[in-house]
Amino acid sequence: MPFAENITVNRFMFCQEHGGEFCNQCFCDHRLGNAYMIEDQHPRIFAKLGPKFDLHMRKAILVYTLGAVKSGQKKDGYDIYQCKEHQRPDCEECFDWAKVIIRQATQKAYKSEGRVQTRTDLMGLLQSVGVELPPSIKLPEDDLEKKLATALTFSQGISSSMFPVNPAKLSLWKNGTDAPASDLIFRSSTAEAVLRAEMPNPFPLYASAFMDARRALRRIAQLFEAGQSVFVLNETQEHAEAISMRILNIYKLDEMTPLIAVLYLAADRTTPPRESMDFVGHYMLEGKLPEIKSGQQEQALMRKLLFQNSQRLSPDFKPARKKCEIPFKVSFFLPLNPLSQTDIGKLSHTGCEVCGKKTVSRCSQCLSASYCSSACQKANWQDHKAFCKTMKNGTWVPVSFSKRIEIGGKKVRSGIFNHASFANMDNVVPLYPDSQDDTPPPNVHADRPFLVKIQKLNTVTSDVNRNPRVLVNKKTDDAHFILDDFRIPSQLEGLLIYDRQRSLHAFVMQSDGGEGYGTSVKEILTRNNKDKIYRWAKRSGDFELSICFDRAPTEPAW
């Protein structure tokens with residue numbers, strides 16, 4: 001690889017491609033030269049960090065993560081870089097190098113090691129676990145970090161009574177005796193099963209960091225079951241980040257929960273290569289160092305997960321290491337479960353659209369956005385304007401629903417799968433399998449509008465002759481399977497309403513749907529006989545929706 005071009009930002013030099021003072025990919029280290037550029041600031045630095053602080057071997061600065069962006073060119077041809085916040089070239093405030101060095105050196109480990117680097121990645125990771133926040137939200141990054149950390153804790157089913165844990169005191173997971181750990185490390189949900197039934201490939205690779213991380217855990221367990229304990233989790237695009245790992249063993253947290261204990265070292269292009277290269281070289285000489293490819297956000301999620309779990313280990317757990325593993329940390333993996341709708345509700349945004357604080361007012365035009373102050377409302381107008389104009393003066397109709405289909409006055413349990421799955425009834429996914437009829441479905445949307453699909457369930461195909469408990473909509477190819485021993489009548493009038501996340505499956509029967517049922521059917525019949533429509537809805541009660549029928553959205557991808 002050729003040596004990199006360099007840039008200068010407020011007298012400090014960085015590699016142009018990656019923005020690093022030190023970059024083992026571009027073969028450059030500017031820390032020594034940069035330290036001389038702020039020699040007048042050395043007393044300030046040593047006063048904070050002590051006289052023995054090594055300015056030449058300190059943690060490297062990444063200027064692009066500090067908000068440096070190219071803004072023009074000087075007469076001599078060199079590029080000019082300014083800060084995003086103030087849009088000032090060589091900003092003395094954002095690029096106060098003594099301040100940055102002190103901050104990096106005093107930053108606590110849990111912040112520096114467990115932290116996701118960019119706000120974009122934080123928002124993307126939260127979305128991947130099911131927590132949807134408004135794109136314009138201005139919540140501090142620390143609050144977003146806490147939400148993600150809490151989401152990973154929920155996903156692993158971790159309670160304070162279980163940890164800290166010493167894996168050495170747990171039973172080993174035994175191949176042949178116990179179920180394969182690779183089968184149990186990957187957990188799925190009803191909503192995911194519904195999507196798999198409805199779509200040929202609902203979870204493509206690199207589309208969701210959370211799904212990719214769960215698949216990576218299954219691959220890690222499969223490697224160990226095949227006798228392979230070392231590997232590298234490598235970021236695919238630029239190989240800019242990698243996590244070297246050795247599986248120590250798989251332990252039994254309980255009969256259904258494997259715990260994969262690992263030694264790991266997370267490295268990137270700013271990490272001195274000696275720490276990871278000794279490990280890579282050692283195991284490559286043995287001819288065994290497979291690579292697991294990962295996306296950039298998946299890599300960030302795995303780093304955060306490993307660091308969080310390293311804090312949950314007992315200090316008594318001290319596994320043996322080889323010489324090349326001295327810099328490695330100890331951690332573990334547990335199965336990652338999709339978040340429950342209750343957990344998503346706890347983590348979802350319910351405050352001001354802009355800052356997340358307690359709200360005091362709504363948009364007077366659409367009544368669908370809440371704010372803590374007029375300042376936040378004004379700040380959000382450009383983002384809110386298009387939606388507001390769509391919803392302004394819309395008519396919201398109340399629609400009562402049930403969690404179960406009602407046939408002949410009796411509510412029966414049902415499951416969902418697509419038409420192609422009829423040959424295998426094992427594919428049926430029960431709806432609300434663990435809840436009682438009088439328990440309201442979780443409300444993950446709070447008082448915010450959300451999109452719903454409304455479709456008819458009044459067509460019984462010839463499949464009813466093969467199995468009297470299959471109810472199908474011929475035009476949408478969706479099906480419901482009646483789980484109770486109950487024969488479907490030849491005519492059944494009803495609607496199914498559900499959201500994109502499948503947190504809500506609402507049945508509206510002709511007998512008790514009221515005005516909302518009639519309006520829904522009328523709207524559907526005027527839609528070229530498609531037997532389905534999309535509309536905005538709000539949760540207005542435990543078993544009631546308020547649906548805006550006269551403001552049709554652009555038909556979404558579903």
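Predicted model: local features only at pLDDT ≥ 70, side-chain atom pairs only at ≥ 80, totals over all residues.
## Overall make-up

Let's start with the chain as a whole. Its secondary structure amounts to 16 helices and 26 strands. Of the 558 residues, 50% count as buried.

In soluble globular proteins, nonpolar side chains tend to be buried together. Here the largest nonpolar core has 48 residues, and the members touching the most others are Ile 220, Met 245, Ile 260, Met 302 and Phe 333. Helix α9 (residues 209-225) supplies the largest share of this core, with 8 residues. Apart from it lies another core, of 21 residues, including Ile 7, Ile 61, Cys 91 and Phe 95.

Leaving aside neighbours within four places in sequence, Met 302 is in contact with Ala 213, Ala 216, Leu 217, Ile 220, Leu 233, Ile 243 and Phe 333.

## How α9 meets α11

Two packed helices are described by the angle between their axes and the distance between the axes. For α9 and helix α11 (residues 296-310), the axes come within 9 Å and cross at roughly 65°. Angles of 65 to 115 degrees count as roughly perpendicular, so α9 is roughly perpendicular to α11. The crossing of the two helices is right-handed.

On the α9 side, the contact is made by Ala 209, Phe 210, Asp 212, Ala 213, Ala 216, Leu 217 and Ile 220, while α11 brings Gln 297, Glu 298, Leu 301 and Met 302. By type, the residues of this contact divide into 8 nonpolar, 1 polar and 2 charged.

## Backbone details in the loops

The peptide bond from Phe 163 to Pro 164 is cis, with omega near 10°. Pro 164 sits in the loop between α6 (141-156) and β7 (171-172).

Asn 10, a residue other than glycine, has a positive phi near 45°. It belongs to the loop between β1 (6-9) and β2 (12-15), and Asn 10 is buried because its relative accessible area is 8%. Asp 90 also has a positive phi, near 50°. Asp 90 lies in the loop between β6 (79-83) and α3 (97-106); with a relative accessible area of 27%, Asp 90 is partly exposed.

Lys 346 is found in helix α12 (residues 341-347). Is this lysine, Lys 346, buried or exposed? Lys 346 is exposed, since its relative accessible area is 57%. Lys 346 and Ala 151 are 195 residues apart in sequence, yet 9.6 Å apart in space, C-alpha to C-alpha.

Methods. Residues numbered from 1 in each chain as written. Heavy atoms only, no water. Core = buried A, V, L, I, M, F, W, Y, C linked by side-chain atoms within 4.5 Å. Buried < 20%, exposed > 50% of the residue type's maximum accessible area, 1.4 Å probe, protein only. Helix = DSSP H or I, 4+ residues; strand = E, 2+ residues; numbered from the N terminus. Contact = heavy atoms within 4.5 Å. Axes fitted to C-alpha atoms, helices over the stretch in contact; angles between N-to-C directions. Parallel < 35°, antiparallel > 145°, perpendicular 65-115°, else oblique. Left-handed = near helix turned anticlockwise from the far one by under 90°. Nonpolar A, V, L, I, M, F, W, Y, C, P; charged D, E, K, R; others polar.
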